[in-house]
Amino acid sequence: MFAVVRTGGKQYRVAAGDKIAVEKLAGEAGEKITLADVLLAGEDGAVTDASKVTVSAEIIAQAKSEKVIVFKKRRRHNYRRKNGHRQQMTLLRILAVGGVEKKAAAAKTEAAPVAAADETAAPAKKAPAKKAAAAKAE
C-alpha cells in the first residue's frame, strides 16, 4: 500500500519501509511520529479513501542538507557577496501505511455475495432493437 503525504510544503509518495528526507520536524532520533496530512492512498493502482489512512514513521536522524552557495554580483560596482546555506532536515523511515487494509478486505468479502445474489434474482433485460431508418424514395 502507498500514500502521498504533505509535509514541509512538499509532497512525498511513501510505502512501508521507505526512507525519506523532509523539512525539519520536532523530535529526537528513535521517536515515532504520525504524518497526518495524507492526500492520496491506494494499492496496485486502486485508490482508497485517504481520510481513513494513517502513516506512521520513525525519526532516523536530524541532519543538514548539502550546502547551497548564494553569490551576488553587480558589474562594475565592486559589489560581491558570497553566502552559504544548509537547510535543516529530518530523515524518516516509514513504518506503516494503514488504517484501511482490514476494512477494505472485509468490505470486498461482504460485497461479493450481494452482487452474485442480485444477478441470479433478476436476469438482465435486453434493450429493444432499434428500428432501421426508412429509406427515402425519390
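In which strand is threonine 90 found?

Modeller: Threonine 90 is found in strand β10. Strands here are DSSP runs of E, at least two residues, numbered from the N terminus, while helices are runs of H or I of at least four residues. First, the ground rules. This is a predicted model, in which local features need pLDDT of at least 70, side-chain atom pairs count only at pLDDT 80 or more, and totals for chains, interfaces and linings use all residues. Residues are numbered from 1 along each chain as its sequence is written, and side-chain values use heavy atoms, with hydrogens and water left out.

Now the residue itself. Threonine 90 has a relative accessible area of 0% and is therefore buried. The classes are buried under 20% relative accessible area, exposed over 50% and partly exposed in between, with a 1.4 Å probe and protein chains only. The side chain of threonine 90 has a polar contact of 2.7 Å with the side chain of glutamine 62. A polar atom of the threonine 90 side chain also lies 2.9 Å from the backbone nitrogen of leucine 25. A polar contact is a pair of N or O atoms within 3.5 Å; within protein, one must be able to donate a hydrogen and the other to accept it, and residues adjacent in sequence count only if both atoms are side-chain atoms.

Across the strand pair, valine 22 stands opposite threonine 90. The pair in question is β3 with β10 (residues 88–98), antiparallel and joined by 5 bridges. Two strands count as paired if DSSP finds at least two bridges between them.

Step back to the sheet. It is open, has 4 strands in the order β3-β10-β7-β4, and its pairing is antiparallel. The edges are β3 (19–23) and β4, each pairing on one side only. On average, neighbouring strands of this sheet are turned by 45 degrees against each other, direction ignored. Axes are lines fitted to C-alpha atoms, for helices over the stretch in contact, and angles run from 0 to 180 degrees between N-to-C directions.

β4 pairs with β7 (residues 54–64) in the antiparallel sense, over 4 bridges. In a regular strand the side chains alternate between the two faces of the sheet. Lysine 32 stands opposite glutamate 58 in β7.

Glutamate 58 leads back to β10. Its side chain meets that of arginine 93 in a salt bridge, 3.3 Å from N to O. Arginine 93 lies in β10 and glutamate 58 in β7, so the pair ties together parts that are 35 residues apart in sequence. A salt bridge is a side-chain nitrogen of Lys or Arg within 4 Å of a carboxyl oxygen of Asp or Glu. Glutamate 58 has a relative accessible area of 18%, so it is buried. Arginine 93 is partly exposed, at 29%.

The structure holds 3 salt bridges.

Strand β2 belongs to another sheet. That sheet is open too, with 4 strands in the order β2-β1-β5-β6 and antiparallel pairing. Its edge strands are β2 (10–15) and β6, each pairing on one side only. Here neighbouring strands are turned by 30 degrees against each other on average, direction ignored. Inside this sheet, β1 (residues 2–7) and β5 (residues 38–43) run antiparallel, joined by 4 bridges. Alanine 3 stands opposite alanine 41, and valine 5 has valine 38 as its bridge partner. β5 then pairs with β6 (residues 46–48) over 3 bridges, again antiparallel.

The remaining salt bridge joins arginine 6 to aspartate 37, with the closest N and O atoms 2.8 Å apart. Arginine 6 is in β1 and aspartate 37 in the loop between β4 and β5, 31 residues apart. Arginine 6 is partly exposed at 39%, and aspartate 37 is partly exposed at 33%.
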